[in-house]
Amino acid sequence: SSDLPITAGKTVTASAADGLVVEADGALLKRALWNLVENAAKYGAPPIELSAARDGTAVALRVKDAGAGIAPDERERVFEPFYRGDKARTPGSGFGLGLTLARRVAEAHGGHITVDGATFTLRIPAEPRV
């Protein structure tokens, strides 16, 4: 929500396809997504867009911003605890534990997380359509 200090003054939007169902720990999943939003707010550029869509047998939860994104050679390492990227693009103290936690939440749900540029995608198995 835009009334929180980290996202104050930044445009944050959310959209979801109809009929998406996952079996997940809601608090953990919310924390993982919030960590991705925090990351976008700190290191990216608005607008920050959250979306959810079916992706084959998974539900893809995406957090995208308009920043420069993560360089290809750093796309695995940003999920390591306290990884410090290129200081010119990621000023400050590094990524801390937020992305590491997001990856662990994805894996705990039988899924995974990837980053492509400024888009983080957390995929977790979808409940089968009835």
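The structure holds 1 aromatic pair; rings of Phe, Tyr and Trp (its six-membered ring) count as a pair if their centres lie within 6.5 Å, with planes under 30 degrees apart called stacked, over 60 edge-to-face and the rest tilted. The partners are Phe-79 and Phe-120, edge-to-face, at 6.0 Å centre to centre and 85° between the planes. Phe-79 sits in the loop between S3 and H2 and Phe-120 in strand S5, so the pair ties together parts 41 residues apart in sequence. Both Phe-79 and Phe-120 are buried, meaning under 20% relative accessible area, where exposed is over 50% and partly exposed is in between (1.4 Å probe, protein chains only).

A word on the source. This is a predicted model, in which local features need pLDDT of at least 70 and side-chain atom pairs count only at pLDDT 80 or more, while totals for chains, interfaces and linings use all residues. Residues are numbered from 1 along each chain as its sequence is written, and side-chain values use heavy atoms, with hydrogens and water left out.

Next, the sheet. Helices (H or I, at least four residues) and strands (E, at least two) are DSSP runs, numbered from the N terminus. The sheet is open, with 5 strands in the order S1-S2-S3-S5-S4 and mixed pairing; two strands pair if DSSP finds at least two bridges between them. Strand S1 (12–16) and strand S4 (112–116) stand at the edges with a single partner strand each, so one side of each has no neighbour in the sheet. From one strand to the next, the twist averages 15°. S4 and strand S5 (residues 119–125) run antiparallel and are joined by 5 bridges. Ile-113 has Leu-122 in S5 as its bridge partner.

H1 packs on this sheet, touching strand S2 (48–55), strand S3 (58–64), S4 and S5, and its direction makes about 30° with that of S3. Contact here means heavy atoms within 4.5 Å. Axes are lines fitted to C-alpha atoms, for helices over the stretch in contact, and angles run from 0 to 180 degrees between N-to-C directions.

What does H1 meet in H2? Gly-98, Leu-99, Leu-101, Ala-102 and Val-105. The axes of helix H1 (residues 26–43) and helix H2 (residues 98–108) come within 9 Å and cross at roughly 145°.

The buried residues of H2 are Leu-99, Thr-100, Ala-102, Val-105 and Ala-106, and their cover includes H1, S4 and S5. Just after H2, Gly-110 has a positive phi of about 80°.
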